[in-house]
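Look at the structure first, then read on.

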Amino acid sequence: MSDRLRVLIVDDHQLVRSGFAMILSVEDDLEVVGEAADGAAAVAQARALRPDVVLMDVQMPGTDGIEATRQVVAEDLGRVIILTTFDRDDYLFDALEAGASGFLLKNSDADTLVDAVRAAAGGHALLAPEVTRRVIERMTAAPRPSAGMPPAPDRGGPTSAAAREGVARDPGYALLTEREREVVVLVGEGLSNAEIATRLFVGEATVKTHVSNCLAKLHLRDRVQAVVWAHRAGLIPQGE
């Protein structure tokens, strides 16, 4: 079936790979096309198989998941979801900057895993709630500028001088419509398209269009970068 989403599973534990493969294989629209036990093999498999999504472990022998993610993204071989158990926080943030589209806990339930794969393949990102907060706190507390993201200003409310200074550093912000600015703030707060649609009393398809416009104008890869961008720009009050 050519319309199936092709998934490559990367983990150095056979039982983990088998478990994820079993979950994904029962879905009509998903197909596990390969497995790899380390980063070097993951890149080689991605080059050969061209999967839509790569489920990538971080701590593996030899080439780790961070370097493998960097290579997969650089060569546009598929979108990467990082699998984590929070053993090393710094790995998570390095993976984000390497181009990962999202993070997923290894103990996530089957529905969450399936949703994450579909979301990543569709150009979106599904972050485990536990991961979102830690990513935001780390990335905004210790600025590590990435392409398309302004350096972190002093924290303040969305109308503070710090916020105005932060967004002023990104000329793309001036191109956003008033509605798109509302949407990027809500994305920064971690809301899904459905939740944003409810908040703004518009259709989910309309929100999807606004999000796409925001990403294009701000030169951001996906929602993960949009979350970090909104916080670094000072658009999200401290504590949100």
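Predicted model: local features only at pLDDT ≥ 70, side-chain atom pairs only at ≥ 80, totals over all residues.

Five strands form an open sheet with the order 2-1-3-4-5, and their pairing is parallel. Strand 2 (30–36) and strand 5 (102–105) are the edge strands. Each of these two pairs on one side only. From one strand to the next, the twist averages 25°.

What holds such strands together? Strands of a sheet pair through backbone hydrogen bonds, either parallel or antiparallel.

Take strand 3 (residues 53–57) and strand 4 (residues 79–84). They pair in the parallel sense, over five bridges. Val53 stands opposite Arg79 in strand 4.

## A helix across the sheet

Helix 1 covers residues 14–25. This helix lies across strand 1 (5–10), strand 2, strand 3 and strand 4. Its direction is at about 170° to strand 2.

Now turn to helix 8 (residues 178–188) and helix 11 (residues 223–232). Their axes come within 8 Å. They cross at roughly 100°. Angles of 65 to 115 degrees count as roughly perpendicular, so helix 8 and helix 11 are roughly perpendicular to each other.

Which residues of helix 8 meet helix 11? They are Val184, Val187 and Gly188. On the helix 11 side, the partners are Arg223, Ala226, Val227, Trp229, Ala230 and His231. The residues of this contact divide into six nonpolar, two polar and one charged.

Technical notes:
Residues numbered from 1 in each chain as written. Heavy atoms only, no water. Axes fitted to C-alpha atoms, helices over the stretch in contact; angles between N-to-C directions. Helix = DSSP H or I, 4+ residues; strand = E, 2+ residues; numbered from the N terminus. Parallel < 35°, antiparallel > 145°, perpendicular 65-115°, else oblique. Contact = heavy atoms within 4.5 Å. Nonpolar A, V, L, I, M, F, W, Y, C, P; charged D, E, K, R; others polar. Pairing = 2+ DSSP bridges.
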